[in-house]
Amino acid sequence: MVDRLLDSALESVTKHWEKSDQKVLDKQVFPVGVAEQQNLRYGTDQNQTLDLYYPEKHQGNLPVLIHFHGGGFFYGDKSHDRAFGQGMAARGFLVVNCNYRLAENEVKVWHQLWDCGCAAKWVEFHLAEYHGDPERVFLSGGSAGAVFAVLLAVMQVSPRLRRLYSVPEVTFQYKGIFSTCGFFGYDSKRMAFRCQRRICFGKNWETHPLYQELLWHNLPELSQLPPVFLVSGHDDWLKSMTLSFDRLLTRLGVSHRLLFLPRGEKEKLGHLITIMRPDLPASQMVLNTATEWLLSEEEKHPAAMEKRA
């Protein structure tokens, strides 16, 4: 009975988000001078695919941005973030825009985390082919995707966690994280999120060891994160989660910056708007600032991830 109710609620939420997102996606504007390759496979499942974006004209190797879309773990697609990926490519990155299996039935968050790790391993194998710089690899994500970006960076410094979640090790070091409207409060006590955890982490999520290990207070490795660029704003309905994560990073002494957008004047700057509408003036400012900050912080902290747990 409970599962049927949750499935019905999930279907309703998904339809609402699809309708709402489509209104935004219809307004997307794409930059010129960006090359694209779509639906390259890093696994056998139909959702284990990725897209590549990079400037048509460039010299030398490009900094790499591995990006994961959002959607509360159970919704979303890389196509939603295509304009963002191309916008970052226009700023000089080789962007890897990844899909992963969505949480349903037997697929849970730890399976998605494995997908993300396999996508990163694909990047390692193909860096030279697409002129990616192995010394400048960054992670990025929106909402739930930001969670995967942070967790992949954590996995890199923790052999214990890599073994526990079967996440493959990569030889390059992540030099920074670009988080947009991160869904960092997935352990919220609000009923809606408790129901979501039943879907995304399983019926016994409260006692499941794979869930417990993913709680921020159980991850001492967080203190070894590379520089983190956080984006949220007044109109982001999950802004409290980014603000809380900002305070956590401050306590841990992690190099980071929070860019908090004010209330939108002409257009609401809601959840993930800077990813789905990177052409807006506020979004342009965010992407420019994030690019400059991440590349400059990487130079200040070249050995940010050298220490291993």
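## Helix α6

The buried residues of α6 are F193, Q196, R197, I199, C200 and F201. They span an arc of only 165 degrees around the axis, so they sit on the same side of α6. The arc is taken over the directions from the helix axis to the C-beta atoms. Buried means under 20% relative accessible area, exposed over 50%, and partly exposed in between (1.4 Å probe, protein chains only). An α-helix has 3.6 residues a turn, so residues three or four places apart point the same way.

G202 follows α6, and its phi is positive, near 105 degrees. Helices (H or I, at least four residues) and strands (E, at least two) are DSSP runs, numbered from the N terminus.

## Model and conventions

This is a predicted model: local features need pLDDT of at least 70, side-chain atom pairs count only at pLDDT 80 or more, and totals for chains, interfaces and linings use all residues. Residues are numbered from 1 along each chain as its sequence is written, and side-chain values use heavy atoms, with hydrogens and water left out.

## Largest pocket

The largest pocket has a volume of about 850 Å³. Of its 38 lining residues, V13, W17, Y75, W237 and H271 are the closest to its centre. The elements that give two or more residues to this lining are α1 (2-25), α6 (191-201) and α9 (273-276). The largest share, 10 residues, comes from α1. By class, the lining of the largest pocket has 18 nonpolar, 11 polar and 9 charged residues.

A pocket is defined on a 1 Å grid over the protein atoms alone, as an open set of points where a 1.4 Å probe fits, with protein on both sides within 12 Å along at least five of seven lines; lining residues have an atom within 4 Å of a point. Grid points are joined across faces, edges and corners, and a volume is the space filled by probe spheres set on the points. Ala, Val, Leu, Ile, Met, Phe, Trp, Tyr, Cys and Pro count as nonpolar, Asp, Glu, Lys and Arg as charged, and the others, Gly among them, as polar.

## Second largest pocket

The second largest pocket has a volume of about 510 Å³. It is lined by 23 residues, of which L10, A103, E104, N105 and I199 are the closest to its centre. Two or more lining residues come from each of α1 and α6. α1 gives the most, with 6 residues. The classes here are 8 nonpolar, 5 polar and 10 charged. I199 is also one of the buried residues of α6.

Helix α4 (residues 144-156) has 13 residues, which should span 18 Å at 1.5 Å a residue; its end C-alpha atoms are 19 Å apart, which agrees. The expected span is 1.5 Å times one less than the number of residues. α4 is mostly covered, with 13 of its 13 residues buried.

S143 lies in the loop between β5 (132-142) and α4. S143 is not a glycine, yet its phi is positive, about 55 degrees. S143 counts as buried, at 5% relative accessibility. F73 also has a positive phi without being a glycine, at about 80 degrees. F73 sits in the loop between β3 (62-68) and α2 (82-90). At 1% relative accessibility, F73 is buried.

## Cysteines

How many disulfides does the structure hold? The count is 0. A disulfide is a pair of cysteine sulfur atoms within 2.5 Å. The sulfur of C98 has its closest cysteine sulfur in C116, at 6.9 Å, which is too far for a bond. C98 is buried at 0% relative accessibility, and C116 is buried at 1%.
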